[in-house]
Amino acid sequence: GFLCVTCTAPVNIAVIKYWGKRNEKLILPTNSSLSVTLGQDELRAKTSVAVSSDFNEDKMWLNGKEQSIENPRIQNVLKEVRRRARKRLSDSENEADLLLKHVHIVSENNFPTAAGLASSAAGYACLVYSLAKLYGVQGEISDIARQGSGSACRSIYGGYVAWQKGKADDGTDSYAVQIAPETHWPEMRALILVVSDQKKDVGSTEGMQTTISTSELMQQRVQGIDKKMKLMTQAIKEKDFPTFAKLTMQDSNQFHAVCLDTYPPVFYMTDVSRQIIQLVHSINDSTGHIKVAYTFDAGPNACLYLLEKDVPLVVSVVQHYFPLSTMHITGPAVSEYTLTS
Ligand code: DP6
């Protein structure tokens, strides 16, 4: 027999950044984080997983190229899904047969990989979701996605999502929680400005490792995070855009300051990124209201958060100053997963 499941999963862009691990193997973070899951029309991952008695080994392709299935993160995810499936299927002979078969994984992004556009988040969320469907694993799965890539756990849910850092050594309390669904604040828009689609020089995994071992500023950041999480959650619940925006910009700036305090320093933003920051501040200053916020991940590309009513203004100003940058406009969304078997 042959069984195949195909899913798509969205990216998420953090407004309170995850940066630093307290456990590398289980991917447990040093601080909680919060993000918005974005619409799938523009940026998404798509994954098909299939099992067949004709396959004689597990295999994987990413964007058309075969990848080693021995990748430890892929292995962690596969093992965990199979372990949970085994538990559930132990008494049904027929279905347990599924676990003896090999799996083929085919995954693609419709946007650049590893350019700091949350491709690993969408990719692992999608892989875990598809595998869970294939093997009939139910219940919480964001903790499995977390073991593929930390930020991936937040893409399992739509809308506004927090990843609680948790306290337990085994990671059982480190998973994602939806703070508000996408329908709660549907006027929210994200404008992604692609400054570069080059692969970043220092991957986030490596960058955060160096930060943890060298940055003193990082300790200060960690101490202030719980308070910021509370304020951000409240701003989202009350739909208080100026507070949401200010906290977002300040957290992005603090994250990049921590990168600069890392030794040797890590630079993710470029001159163009900094020009975008200045432009956003001048839009906000000239109108006398905070209308737009910027945030940057581990790369030079900007994500601007704004409300629908301000899209025409912001888009025209951005187009005027950065005529060459590619733009994606999208809003908060649910993790829409499509299944075909
Ligand atoms: C700057 O989730 O890519 O985007 O857990 O090592 O796979 P690993 O790291 P990853 O890091 C994302 C860092 C960030 C901030 C964020 O998304 O919260």
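This is a predicted model: local features need pLDDT of at least 70, side-chain atom pairs count only at pLDDT 80 or more; totals for chains, interfaces and linings use all residues.

Colleague: Then where is N63 placed?

Modeller: N63 sits in the loop between β7 (59-62) and β8 (65-67). Its phi is near 45°, which is positive in a residue other than glycine.

Colleague: What makes K239 partly exposed?

Modeller: For K239, 14 other C-beta atoms lie within 10 Å, so K239 is partly exposed. K239 is in the loop between α6 and α7, and its phi is near 55°, a positive value in a residue other than glycine.

Colleague: And N284, why does that count as partly exposed?

Modeller: N284 has 18 C-beta neighbours inside 10 Å, so N284 counts as partly exposed. Buried would take 20 or more. N284 lies in helix α8 (residues 271-287) and, leaving out residues up to four places away in sequence, touches H289, I290, K291 and V292.

Colleague: How do you know that the span of α6 is close to the expected one?

Modeller: Helix α6 (residues 217-237) has 21 residues. The expected span is 1.5 Å times one less than the number of residues. For α6 that is 30 Å, and the helix reaches 30 Å from its first C-alpha to its last.

Colleague: What is centred on I225 in α6?

Modeller: A kink of about 40°. I225 is also one of the buried residues of α6, together with M218, R221, M229, M232 and I236. Those buried residues pack against several elements, including β2 (12-16), β5 (33-37) and α7 (241-261).

Colleague: Which peptide bond is cis?

Modeller: The one joining Y263 and P264, where omega is about -5°. P264 is found in the loop between α7 and α8.

Colleague: Which residues have the most contacts inside the largest nonpolar core?

Modeller: They are V81, A125, V128, Y129, A145 and L304, in a core of 89 residues. Helix α3 (residues 119-135) gives the largest share of this core, 12 residues.

Colleague: How many residues surround the ligand?

Modeller: 14, and the closest are A14, Y18, S149, G150 and S151. The shell divides into 5 nonpolar, 7 polar and 2 charged residues.

Key. Residues are numbered from 1 along each chain as its sequence is written. A residue is near a molecule or strand if its C-beta atom, placed from the backbone, lies within 6 Å of it. Ala, Val, Leu, Ile, Met, Phe, Trp, Tyr, Cys and Pro count as nonpolar, Asp, Glu, Lys and Arg as charged, and the others, Gly among them, as polar. A nonpolar core is a set of buried Ala, Val, Leu, Ile, Met, Phe, Trp, Tyr and Cys residues joined through C-beta atoms within 7 Å. A residue is buried if 20 or more other C-beta atoms lie within 10 Å of its own, exposed if 12 or fewer, and partly exposed in between; C-beta atoms are placed from the backbone. Helices (H or I, at least four residues) and strands (E, at least two) are DSSP runs, numbered from the N terminus. The bend at a residue is the angle between axes fitted to the seven residues ending there and the seven starting there. Two residues are in contact if their C-beta atoms, placed from the backbone, lie within 7 Å.
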